[in-house]
Amino acid sequence: MKKSIKIALAGLLLVPVVAFGVVAAQGDVVNAATTSGGTNLSSGLNAAHGTGTPGSISTTGNDSTVKKVVDFLLYIVGILSVIMLIWGGIRYTTSAGDAGKVTSAKNTILYALIGLIVAVLAYAIVQFVFSQASGLGGSK
């Protein structure tokens, strides 16, 4: 059972790594936008697309691919955290006073909450950095 908790925790901790990977990839595009005379992320992406490609690439708004991926990962982490919280609660109520089982159930609940907090913070960081990189975060 401890192996499944470790796998779930590793999955929850993978979200910040993916989020920072998205931010790092966006940083290269911002440099391209700045060097090509553009002022924000959208102009850099539009300057980088080749001939024969359809229209401009959206980096802001509800149809942004990055926003869709980050939102999807946040939903998955949220669902996994709720499932792990429920599983920890079930294990806690069925522990029958066994100290080892109670400790294991409390750890499951604790790790699920920590994973959820890390995921929400990673989401907030990605949104902040992405809004700054795309020129929506105020004065530059």
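**Helix packing**

Analyst: Helix α3 crosses helix α4 with a left-handed sense. This is a predicted model.

User: Which residues do α3 and α4 span, and at what angle do they pack?

Analyst: α3 covers residues 65-93 and α4 covers residues 99-133. They pack at an angle of about 165°, and their axes are 8 Å apart. Angles over 145 degrees count as roughly antiparallel, so α3 and α4 are roughly antiparallel to each other.

User: How do the residues of the contact of α3 with α4 divide into nonpolar, polar and charged?

Analyst: The contact has 16 nonpolar, 8 polar and 4 charged residues.

User: Switching to single residues. Where does Thr-108 lie?

Analyst: Thr-108 lies in helix α4.

User: Is Thr-108 buried or exposed?

Analyst: Thr-108 has a relative accessible area of 1%. Buried means under 20%, so Thr-108 is buried.

User: With which side chain does the Thr-108 side chain make a polar contact?

Analyst: The partner is the side chain of Arg-91, at 2.9 Å.

User: OK, what about Ala-112: buried or exposed?

Analyst: Ala-112, which lies in helix α4, counts as buried at 2% relative accessibility.

User: How far apart are Ala-112 and Val-82, in sequence and in space?

Analyst: Ala-112 and Val-82 are 30 residues apart in sequence, and their C-alpha atoms are 7.6 Å apart in space.

Conventions. Residues numbered from 1 in each chain as written. Predicted model: local features only at pLDDT ≥ 70, side-chain atom pairs only at ≥ 80, totals over all residues. Heavy atoms only, no water. Axes fitted to C-alpha atoms, helices over the stretch in contact; angles between N-to-C directions. Helix = DSSP H or I, 4+ residues; strand = E, 2+ residues; numbered from the N terminus. Parallel < 35°, antiparallel > 145°, perpendicular 65-115°, else oblique. Left-handed = near helix turned anticlockwise from the far one by under 90°. Nonpolar A, V, L, I, M, F, W, Y, C, P; charged D, E, K, R; others polar. Buried < 20%, exposed > 50% of the residue type's maximum accessible area, 1.4 Å probe, protein only. Polar contact = N/O pair within 3.5 Å; in protein donor to acceptor, adjacent residues only side chain to side chain.
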